[in-house]
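Welcome, and please have your viewer ready. We will start with the whole chain and then zoom in on two places.

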Amino acid sequence: MSEHEDTRDRWGSRQAKLVWGKAPDGTLAHISTAQRGRACNCSCPACDGQLVARTKADHMVPHFAHSGGEACGGGPETALHLLAKEAFRTNPRMLLPERPALDNRRQLITKPSQEVEAEFLRLEYTDPRKIIPDLYVRALGYDLFVEVAVTHFSNETKIQRLREHRIPAVEVDLSRVPRDCGREDIAEAVLRTAPRRWLYHPGIDAAEAKRKTDEEAWLAAQDKQQAIAREQHKNRVEELVRAYRTAPRHAAEGEVPRLTDLQAVGLSQHVGIAVAGSACFAEPLAFWQARILAEVFHDRCLGNAACKAVPITQHLDKIGIIRAAFRRVPGAVADDAAAIEPDFVPPWKVVDAYLKHLVDAGVLVQHGYGTVLAARFAEPWKARTLAEKQRTEILHAVMQAVEWILSELPDEERGSMTGESWLHSVRDESGKTYQEAMQSDIEASKIAGEIDAIIDMLEKRGPLPPGTAGLPIERAVERRKEQMAKQAEELREKQLKEADRLRQLRRDRLLIDAERELSSGDLDAFLNTKCDDLNGMTPLEAAQDSETGLNRARNVLSDLVRQRTLEAEAKAERKRYQDRITTDAHNALSADTAEAFLNGRDDDLGRTTPLLFVKNVHTYREALKKLEAWQREFGRP
């Protein structure tokens, strides 16, 4: 397929509308300015064929059509091409793409894109080398070719010709610009927004040459380093094999650390297990295996997490059990060494093999990504350790207490006894030395209790100790007895004085209350009159007896004051109503008759006189009824 046929197929009348036609003066005219039909007097920009202007009057989207009927297909692309070139005729500003370059130090950098003034020189420059660029302009002081690509882009052959000509060239990609764009949109795309690239620039070639040179140098350096690394690896493998073959073997097992604990919980049979690679360790098999069980899985020196081979190996290395030649062996070196010396295994794999043995034997159990000590071994070992720790702490505390007790005794009483000699003396109760007795939980508790009681005695607190705990404290006990007796007597006297003070204080408090409520005449009678409510005591005696007695005496005082108040109120009320009935009688009767009424006994008034009968409003009303009867019979006319 020819280039023209490819263009027709991609951009023919079926897929694009021609909106630009070439006027007789060679300029491009837009369909919006053309007359309808052949009157447009325009030709195709691509094939120069006669065009017909189709407008809105034809009831279709305005466009140019070929007079012959079939479109050549190249008109829209050619028009776009010509409009792009036209944008450069006014010496515009154009955007140059970024490019790799070299700085002053010959370092590779990227020069950013920049907008520059472009001076238009001419279109379609040609020379003997057959370079035919679309545009020839000047920018930044040097000549520049500009290629406008719509459907056909510069190939390697053209780029090589540009490189031979040594004139910088930029290609602007207008393939995505719609074929029916206006002048302004096409100018904006070709000058700024459309994608663009350098086809050739001397700086790019220089940067690429520098990059290749640097890459070749880097590759050469890498090859050299790899050769050195291979040689070093080979030497390291040979050194490792030689060190392993010449490492001293352990002829006999030495003392196994914490063997007593291991035997007590049934783990002693799981130390000394033969594993390959044991020459990597500076101690016998049983030694470092016992330390793994005791320090890692029991003491948890690596924390409470499940334990794995590598951290355990690092712990053994830290405490100096792994020989220096076998520390931190890379995996590749270890694999190549094992291929030469089959018995060699790196330390972490030795440890891993031992851990697998313990798992298979049920000593360890899997927990997450690591292992932990099985409960049937961990729990009794923990209980044993706690008990031993407690005994040690008790013994230490008792020894400190004994040393303090001996330091508190006079020299003649202490004699030659020291804390150490006391520890080896015999305890009468059991016939054992105190050191042996302290190994028993029951005996240790009793001894510690006796020691605490002796300390309390020497510090003058608590009772006398139940025993001497084998210490020369007899005279100290006698002194304490005398002190306690003296303290008891002083305390008794102090308590008596305090009791007297409290009695006097309670007496004074009652007197203050009584003096505030009673007159001087009633005060003495209240304080010294025996009262049944006070168990036959006077208020003064009850207050002196106790705080409860004081409260009861105060209650008696309150009752007396309340009774006196009520009596006074009743007397005042009676006097008020007696005055009223007297006034009423004198108002209703003559003087003699009023006196006869007031002082005469009346059966209806309880066989008493009206004056004595009146006490309150009720009795006043009863007497008033009698007065009304008298008034009717003896009253004034």
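What radius of gyration does the protein have, and what would a compact globule of 637 residues have? The protein has 63 Å, whereas the globule would be near 26 Å (taken over C-alpha atoms, with the globule rule being 2.2 Å times the number of residues to the power 0.38). This is a predicted model, where local features need pLDDT of at least 70, side-chain atom pairs count only at pLDDT 80 or more, and totals for chains, interfaces and linings use all residues. Residues are numbered from 1 along each chain as its sequence is written, and side-chain values use heavy atoms, leaving out hydrogens and water.

Keep everything selected and switch to cartoon. The protein has 22 helices and 15 strands (DSSP runs numbered from the N terminus: helices are H or I with at least four residues, strands E with at least two). Buried residues make up 38% of the 637 (buried means under 20% relative accessible area, with a 1.4 Å probe and protein chains only).

Next, select residues 99-102 and 108-111. These are strands S6 and S7, which run antiparallel and are joined by four bridges (strands pair if DSSP finds at least two bridges between them). Leu-102 stands opposite Leu-108 in S7. The two strands form a hairpin with five residues between them, and Arg-106 in the turn has a positive phi of about 65°.

Finally, select residues 285-298 and 375-408, helices H7 and H11. Their axes come within 12 Å and cross at roughly 85° (axes are lines fitted to C-alpha atoms over the stretch in contact, and angles run from 0 to 180 degrees between N-to-C directions). That makes H7 roughly perpendicular to H11 (65 to 115 degrees). Show side chains for Leu-293, Ala-294 and His-298 of H7, and for Trp-381, Lys-382 and Thr-385 of H11, which make the contact (heavy atoms within 4.5 Å).

Terms used:
Parallel < 35°, antiparallel > 145°, perpendicular 65-115°, else oblique. Buried < 20%, exposed > 50% of the residue type's maximum accessible area, 1.4 Å probe, protein only.
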